Amino acid sequence: MDIKRIDKYIFSIKGKNVDAIVFTDQETINDPEFREALQQIVNVTHMPGIVAALAMPDIHWGYGFPIGGVGVFDAKNGVISPGGIGFDINCGVRLMLTSLSFEEVKPHLRKLVEAIYESVPVGVGASGALKVSEKTLRKVCIEGAHWAVENGYGLKEDLGRIEDTGRLSPANPDHVSSKAFERGLDELNTLGAGNHFIEIQKVERIYDPTVAEAFGLFEGQVAISIHCGSRGFGHQIATDYIQIMRDKLAQHNKDLPDKQLINAPFDHPIGQQYFSAMNCAANYAFANRQMIGHAVGTIFLKIFPTARVWLLYDVAHNIAKVETYNGRRLIIHRKGATRSLGPNNPLLQVVYKSIGQPVLIPGSMGSASYVLVGTKKAEELSYGSTAHGAGRTLGRRAALRNLSYEEVLKELKEKGVEVMSKGKKTLVEEAPETYKDVDRVVEIVDQVGLSKKVARLIPLGVVKG
């Protein structure tokens, strides 16, 4: 690999149509563990219509594109690729704030964790108490979080605090298979497994008092973080369209350096159908997080009737969006990357227009999470993109070989973290040791200016699948 250092945390790797840009530190660039992920972002530079191939500091190996990868394509001459979005379409993070302090919540922490675990179905294949009809699910595909609010899950003002108000278009359910609908009928209001979680957190430290005040953050405050996506519905849509592109666009895809980079020209009927189906899955995910958020908020208010619980922001990762930069219409794939828009960006809702977009970067289970704010510099350097999390360093199989359930549970208990998990396996697979140091990841994006630190939060209680 022909790697050049541009700045302390910015590296360039020689690519085909463009060079790949990696935002990371020297240690990661030199680490053989990440060589495969770096090769993946270089492979992206071979794709038609590529404008930029970027990797965030949480980069690790994924399907086709690395996780932590951003692929920017010309909307007229470029492509859309399921591997550049991921199977869990619009996996994302929602952060809810409360008026409660840690001291108020501490005596009730176990009760809260148990109540959340009982209220929100978790685990692989988890199905909810709510089973909707296909007719209703088609509405969810089109309306997203708006459908949830109209049906009693949360408040209308929540919509102004969700990326794109929780509703993307075009979203035509006719472009979604019957198998995807079957998988999605009973998975709304469910968390799933893997790295998904509901976490009760405490605001440990404020870095930017002005932005923190605008966001409603204060030291010692209790917050709730929710991380999940489109469940089996989105997974099936990705699976379906990968097969469709293999069957119908074989000639178009014949020269790819990796078959997992399968794609369709964005303006081709198949490209447009996948984009529409992907938006259906994204809307499903927005509705899902809105419903889970409402359930968790209700639990808090039952235990603390005089408290206030409100939404700070709900941000998507694993998604492709049409955005305009320098007058050029682009299709931007963010896979394990989130948007980071600066003040006065036209895509921002009114509530954050003057201050910039809240950016949410959760750590691994048992480690810190961060609230940051979007920047104009991100719009210049990374097409308005930043990191989405800590990033794995150890695969799930390796975690199961090297760690035990008892060790992981003991470590979390020593940190004072209350945990409830449906399966022992998931807890081990998601142990803190399997992820990069989130403090380091956040330090890099802050130093480069892809987003700026506002607050650090630490976990108090965790619910896992």
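## Ground rules

A residue counts as buried when its relative accessible area is under 20%, exposed when over 50%, and partly exposed in between (1.4 Å probe, protein chains only). What you have here is a predicted model, in which local features need pLDDT of at least 70 and side-chain atom pairs count only at pLDDT 80 or more, while totals for chains, interfaces and linings use all residues. Residues are numbered from 1 along each chain as its sequence is written, and side-chain values use heavy atoms, with hydrogens and water left out.

## Overall shape

Let's start with the whole fold. The protein has 15 helices and 19 strands, taken as DSSP runs numbered from the N terminus (helices: H or I, at least four residues; strands: E, at least two). Its radius of gyration is 21 Å, close to the 23 Å of the globule rule for 465 residues, so the protein is as compact as a globular protein of that length. That radius is taken over C-alpha atoms, and the rule is 2.2 Å times the number of residues to the power 0.38.

Buried residues account for 62% of the 465. Of the contacts (heavy atoms within 4.5 Å) between residues at least 6 apart in sequence, 77% join residues at least 24 apart.

## Around N345

N345 sits in the loop between β14 (337-339) and β15 (358-361). With 7% relative accessibility, N345 counts as buried. Beyond its neighbours within four places in sequence, N345 is in contact with K353, K376 and E379.

Two of these partners also pair up: K376 and E379 form a salt bridge (3.4 Å, N to O). Both belong to helix α11 (residues 376-381), three residues apart, or about one turn of the helix. K376 is partly exposed at 37% relative accessible area, whereas E379 is buried at 16%.

## Salt bridges across the chain

A salt bridge here is a side-chain nitrogen of Lys or Arg within 4 Å of a carboxyl oxygen of Asp or Glu. That rule gives a count of 23. In one of them, R339 meets E323 with the closest N and O atoms 3.1 Å apart. This pair links distant parts of the chain, strand β14 for R339 and strand β12 (residues 319-325) for E323, 16 residues apart. Both R339 and E323 are buried.

Another salt bridge joins D439 and R456, again with closest N and O atoms 3.1 Å apart. D439 is in helix α15 (residues 438-448) and R456 in strand β19 (residues 451-464), so the pair ties together parts 17 residues apart in sequence. Through shared partners, salt bridges also join E163, D164, K321, E323, R334 and R339 into one network.
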